[in-house]
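Here are my notes from going through the model you sent over. Have the viewer open as you read.

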Amino acid sequence: MGIIVFGAPGSGKGTHTEILSAHYNLKKISLGDILREEVKADTALGREVKNYMDRGELVPDEIVARVIENNLNENNFILEGYPRNIKQAQMLEDILRKKNIKIDNFIYLNVTWETIFERLSKRRVCIKCGQNYHLKNMPPKKEGVCDKCSGELIIRDDDRKEVIKNRWNIFLKEGLQILNFYRKRTNFIEVDASRNSEEVFLDIKAKLKKTSFAQCSS
Ligand code: AMP
């Protein structure tokens with residue numbers, strides 16, 4: 001079964017994708033994570049996308065479609081961070097058709113700008129192992145140091161204040177069209193994602209139950 005997780009930057013896409021992928025045993029495809037790994041490893045693709053990412057801009061559609069095509073190879077998957085505009089949604093339809101893969105559920109994590117700003121501006125990430133922290137809700141035991149590996153905690157380049165605003169504006173511009181596109185085509189699940197992750201997960205789980213998917217793996 002195929003799931004798309006959609007929402008503004010900071011809506012909790014990464015967290016919920018992780019939880020759902022473990023719970024339902026789905027292959028996780030997180031485009032942002034894949035691109036960040038390429039940048040970190042300084043590959044040809046990483047060098048191509050780094051500048052866009054640092055500015056909080058979308059990487060060109062043709063480049064990300066190639067990445068998705070290479071990673072989308074089975075029917076049980078959860079896709080996060082893609083598509084982010086209507087052109088990408090159409091390109092994804094072509095990829096799915098070619099590979100005979102289906103999207104069953106579309107999960108929209110709905111949050112306000114205030115929540116997003118609070119989450120992202122206080123997010124810190126370990127430079128070594130990638131573990132995320134939040135200065136208020138999930139602070140590290142020792143300031144600036146990762147609990148897991150003692151790596152240095154930094155602000156992601158695209159979590160700087162001016163970049164957060166830019167990413168939010170892009171989301172507003174493209175988001176509505178994406179929602180309309182998938183409302184008609186999938187089991188469309190909308191949840192209030194400003195609540196804590198446990199509550200959001202339970203809400204999603206209850207709504208996923210309406211499909212054939214959850215009947216066989218609840
Ligand atoms: P994320 O971690 O999902 O917020 O993504 C981090 C960055 O990766 C974005 O700000 C974009 O530069 C790039 N990116 C992620 N997903 C896409 C996408 N669907 N299309 C283009 N660029 C993307």
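The points below go from the sheet to its helices, then to the core and one histidine.

1. First, a reminder that this is a predicted model. What order do the strands of the open sheet take? There are five of them, arranged β2-β3-β1-β4-β8 with parallel pairing. At the edges sit β2 (27-30) and β8 (187-192), each of which pairs on one side only. From one strand to the next, the twist averages 20 degrees. As a bit of background, strands in a sheet pair through backbone hydrogen bonds, in either a parallel or an antiparallel way.

2. Take a look at where β8 joins the sheet. Strand β4 (residues 105-110) runs parallel to β8, and six bridges join the two.

3. Helix α7 (residues 161-185) packs on it and touches β1, β4 and β8, with a direction about 150 degrees from that of β1. Helix α1 (residues 13-24) lies across β1 (2-7), β2, β3 (77-80) and β4. Relative to β3, α1 runs at about 175 degrees.

4. Helix α7 also has a helix partner. Its axis and that of α5 (residues 86-99) come within 9 Å, crossing at roughly 35 degrees. On the α5 side the contact involves Ile86, Ala89, Gln90, Leu92 and Glu93. Facing them from α7 are Glu174, Gln177, Ile178, Phe181, Tyr182 and Arg185. Sorted by class, this contact has six nonpolar, two polar and three charged residues.

5. Which residues have the most contacts inside the largest nonpolar core? They are Ile68, Leu72, Tyr82, Leu92 and Phe106, in a core of 55 residues. Helix α7 gives the most to this core, with seven residues. In soluble globular proteins, nonpolar side chains do tend to be buried together.

6. Last, have a look at His134, which lies in strand β6 (residues 132-134). Is His134 buried or exposed? With a relative accessible area of 9%, His134 falls under the 20% cut-off, so it counts as buried. Its side chain reaches the backbone oxygen of Glu118 at 3.2 Å. Not counting residues up to four places away in sequence, His134 touches Arg119, Lys122, Arg123 and Pro139 as well as Glu118.

How values were computed: Residues are numbered from 1 along each chain as its sequence is written. This is a predicted model: local features need pLDDT of at least 70, side-chain atom pairs count only at pLDDT 80 or more; totals for chains, interfaces and linings use all residues. Side-chain values use heavy atoms; hydrogens and water are left out. Two strands pair if DSSP finds at least two bridges between them. Helices (H or I, at least four residues) and strands (E, at least two) are DSSP runs, numbered from the N terminus. Axes are lines fitted to C-alpha atoms, for helices over the stretch in contact, and angles run from 0 to 180 degrees between N-to-C directions. Contact means heavy atoms within 4.5 Å. A nonpolar core is a set of buried Ala, Val, Leu, Ile, Met, Phe, Trp, Tyr and Cys residues joined through side-chain atoms within 4.5 Å. Buried means under 20% relative accessible area, exposed over 50%, partly exposed in between (1.4 Å probe, protein chains only). A polar contact is a pair of N or O atoms within 3.5 Å; within protein, one must be able to donate a hydrogen and the other to accept it, and residues adjacent in sequence count only if both atoms are side-chain atoms. Ala, Val, Leu, Ile, Met, Phe, Trp, Tyr, Cys and Pro count as nonpolar, Asp, Glu, Lys and Arg as charged, and the others, Gly among them, as polar.
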